[in-house]
Amino acid sequence: MPWNRGIAAGATAGTAALAGLMARYAAGVARADRSWPAQVEADLRDIGEVDKVSILPLVERLTRMGSGLSGEPGVSYLVQAGRARVLFDSGLSGGKARSALARNAEELGVDLGALDAVVISHLHPDHVGGIRAMRQRTFTFSREPLEPPGVPAYVPAHMQHPRADVIPGMGPRVIAPAMAVLPPLPRMLFWLGYITEQALVISVRGFGLVLISGCGHPPIERMLGITEQVLDVHIRAVVGGLHLPVHPARTPLVPQAILGSPYPPWRPISERDAANVLDELAARGPQLIALSSHDSTPWTYTAFSRRFGDRYRTLRAGEALTISAATGGAAAPNPPR
């Protein structure tokens with residue numbers, strides 16, 4: 001019967017589409033695995049030290065209580081170390097006339113026109129200013145051009161920008177005294193495909209390394225291992241996203257859990273994945289773990305808080321971290337949401 005033939009044809013097409021996705025996924029995983037040895041060989045020494053680093057989240061899903069700041073599921077941090085002012089990522093709503101980044105920067109007294117550099121962690125919408133920016137392989141702060149003309153922009157892949165001086169990442173690079181970007185590290189995501197992501201590190205005198213991550217798509221053991229290999233300095237603080245939307249049902253994190261997963265749909269990001277990340281971090285003896293709220297669920301906040309106690313913090317827009325030898329990187333705890 002015609003309808004039986006239609007059902008059979010649809011099933012065949014669905015099977016072929018899934019087979020195509022699985023083949024693409026397997027090829028991407030193999031490609032990512034092949035690229036790691038070259039990254040491990042990268043070496044960078046003596047990047048200098050600063051007395052302290054300040055990290056002010058300008059964009060996060062959660063915001064400081066009673067601040068009136070705009071929250072969104074994106075990331076943008078103002079990082080100040082010595083005299084350098086660096087913007088790490090540019091959030092999600094950069095295509096809007098008044099983006100969350102622009103509004104929050106104004107509210108917090110941050111001049112986006114006075115940056116010394118921009119660092120883009122990876123080419124995903126919640127880090128470059130939206131889907132349109134991602135498709136055009138660029139980044140944006142807001143619909144109106146707010147980026148300082150000629151500002152160096154360190155990016156992890158081929159990108160372009162009409163105002164910035166775009167510098168693609170090919171390996172570790174010092175971008176300011178005591179600040180460096182790591183090599184772009186690969187990961188294959190099932191739905192979104194192959195991605196490379198770079199982290200920012202700052203060396204704080206008498207404290208150690210502070211690592212700032214956008215999403216943490218590359219496996220955490222490899223991110224930490226690469227950092228130690230490249231810089232040979234102890235990691236004492238990890239700040240930003242680690243992409244652990246565990247138990248996302250009935251939370252706003254379902255899109256992150258599905259689209260940003262490195263696994264097939266039948267293998268969700270799980271408590272076991274979180275336990276592996278917690279073990280890898282704990283092995284370094286960190287003084288501070290500050291987790292982004294854009295890709296973490298309440299379950300994740302609770303798991304990290306239980307493991308690290310007063311060394312843990314959930315990042316919120318408007319709540320700055322200041323890390324130095326004197327503070328020890330200690331963060332006042334804030335309740336999970």
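**A close look, from an arginine to packed helices**

Modeller: Let's start with Arg 137, which is partly exposed, with a relative accessible area of 34%. Please keep in mind that this is a predicted model. Arg 137 lies in the loop that connects helix H4 (131-135) to strand E5 (152-155). Its phi is positive, near 55°, and Arg 137 is a residue other than glycine. For background, most residues other than glycine have a negative phi.

His 243 also has a positive phi, about 45°, although it is not a glycine. His 243 is buried, with a relative accessible area of 8%. You will find His 243 in the loop between E13 and helix H6 (254-259).

Strand E13 (residues 235-240) is joined to E12 by 5 bridges, and the two run parallel. E11 and E12 form a hairpin with 3 residues between them. Within the turn, Gly 206 has a positive phi of about 75°. How many residues of strand E12 (residues 208-213) are buried? The count is 6 of the 6, so E12 is largely enclosed by the rest of the structure.

Now for the helices. Helix H5 (residues 220-231) and helix H7 (residues 271-282) have axes that come within 9 Å and cross at roughly 20°. That angle makes H5 roughly parallel to H7. Their crossing is right-handed. On the H5 side, the contact is made by Ile 220, Glu 221 and Leu 224, while H7 brings Val 277, Glu 280 and Leu 281. Sorted by class, this contact of H5 with H7 has 4 nonpolar, no polar and 2 charged residues.

H7 also packs against helix H8 (residues 298-308), at an angle of about 35° and with the axes 11 Å apart. The crossing of H7 with H8 is right-handed. H7 residues in this contact include Ala 274, Val 277, Leu 278 and Leu 281, and those of H8 include Trp 299, Phe 304 and Phe 308. The contact of H7 with H8 divides into 9 nonpolar, no polar and 3 charged residues. To trace the link between the two contacts, look for Val 277 and Leu 281: both touch H5 and both touch H8.

Technical notes: Residues numbered from 1 in each chain as written. Predicted model: local features only at pLDDT ≥ 70, side-chain atom pairs only at ≥ 80, totals over all residues. Heavy atoms only, no water. Axes fitted to C-alpha atoms, helices over the stretch in contact; angles between N-to-C directions. Helix = DSSP H or I, 4+ residues; strand = E, 2+ residues; numbered from the N terminus. Parallel < 35°, antiparallel > 145°, perpendicular 65-115°, else oblique. Left-handed = near helix turned anticlockwise from the far one by under 90°. Contact = heavy atoms within 4.5 Å. Nonpolar A, V, L, I, M, F, W, Y, C, P; charged D, E, K, R; others polar. Buried < 20%, exposed > 50% of the residue type's maximum accessible area, 1.4 Å probe, protein only. Pairing = 2+ DSSP bridges.
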